[in-house]
Amino acid sequence: MATMNVSLPNPLKDFVEGQVSERGFATSSEFVRDLIRDEQARTELRGLILAGMKSGHGSEMDDEYFDRLRDSVDETETDTQ
């Protein structure tokens, strides 16, 4: 694992230490890694949303659409059990 040193002003350092304590992280490094993973997930989701928006006209979201969506979710849940 690589090491990276980060300098923080005291108010941010205090915030990080408070979050570590309140949220049950063992170390500040663990907390920062969690933040970075969350940001990676947000960035990936943002990219998927943009790709979907650029992919053309979507389906009409009527009752039939939501029925098909529910059926698809039900089938996926059945397959994973």
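Glu-75 is found in helix H3, which covers residues 63-80; helices here are DSSP runs of H or I with at least four residues, and strands are E runs of at least two, numbered from the N terminus. Glu-75 is exposed, with a relative accessible area of 52%. On this scale, buried means under 20% relative accessible area, exposed means over 50%, and partly exposed lies in between, using a 1.4 Å probe and protein chains only. Please keep in mind that this is a predicted model, in which local features need pLDDT of at least 70 and side-chain atom pairs count only at pLDDT 80 or more, while totals for chains, interfaces and linings use all residues. Residues are numbered from 1 along each chain as its sequence is written, and side-chain values use heavy atoms, with hydrogens and water left out.

**Surface patches**

- Glu-75 belongs to a negative surface patch, together with Asp-71, Asp-74, Glu-77 and Asp-79.
- Patches are built from residues with over 30% relative accessible area and no salt bridge, joining like charges within 9 Å and nonpolar side chains (Val, Leu, Ile, Met, Phe, Trp, Tyr) within 5 Å.
- For the charges, Lys and Arg count as positive and Asp and Glu as negative, while His and the chain ends are not counted; the place of a charge is taken as NZ of Lys, CZ of Arg, CG of Asp or CD of Glu.
- A nonpolar patch also sits on the surface, formed by Leu-45, Leu-48, Ile-49, Leu-50 and Met-53, and together these residues have about 520 Å² of accessible area.
- Accessible areas come from the Shrake-Rupley method with a 1.4 Å probe, and for residues only the protein chains shown count as cover.
- Within that nonpolar patch, Leu-50 lies in helix H2, residues 28-54, and Leu-50 is partly exposed at a relative accessible area of 43%.

**Salt bridges**

- A search of the whole structure finds 5 salt bridges, each being a side-chain nitrogen of Lys or Arg within 4 Å of a carboxyl oxygen of Asp or Glu.
- One of the bridges joins the side chains of Lys-13 and Glu-17, at 2.7 Å from N to O.
- Lys-13 and Glu-17 both lie in helix H1, 4 residues apart, which is about one turn of the helix.
- Lys-13 is partly exposed at 38% relative accessibility, and Glu-17 is partly exposed at 40%.
- Another bridge brings together the side chains of Asp-34 and Arg-23, at 3.7 Å from N to O.
- This pair links distant parts of the chain, with Asp-34 in helix H2 and Arg-23 in helix H1, 11 residues apart.
- Asp-34 is partly exposed, with a relative accessible area of 21%, and Arg-23 is partly exposed at 44% relative accessibility.
- In helix H3, Glu-64 and Arg-68 are 4 residues apart and so are separated by about one helical turn; their side chains meet in a salt bridge of 3.7 Å, N to O.
- Glu-64 is exposed, with a relative accessible area of 54%, whereas Arg-68 is partly exposed at 46%.

- Val-16 is found in helix H1 and is buried, with a relative accessible area of 12%.
- Leaving aside neighbours within four places in sequence, Val-16 is in contact with Leu-8, Ser-28 and Phe-31, where contact means heavy atoms within 4.5 Å.
- Gln-19 is also found in helix H1, residues 10-23, and counts as buried at 13% relative accessibility.
- Not counting residues up to four places away in sequence, Gln-19 touches Gly-24, Phe-25 and Phe-31.
- Val-32, found in helix H2, is partly exposed with a relative accessible area of 36%.
- Val-32 and Val-16 are 16 residues apart in sequence and 8.4 Å apart in space, C-alpha to C-alpha.

**Distances along the chain**

- Val-16 and Gly-56 are 40 residues apart along the chain, and their C-alpha atoms are separated by 43 Å.
- Met-1 is found in the segment before H1 and counts as exposed, at 91% relative accessibility.
- The C-alpha atoms of Met-1 and Ser-72 are separated by 41 Å, with the two residues 71 apart along the chain.
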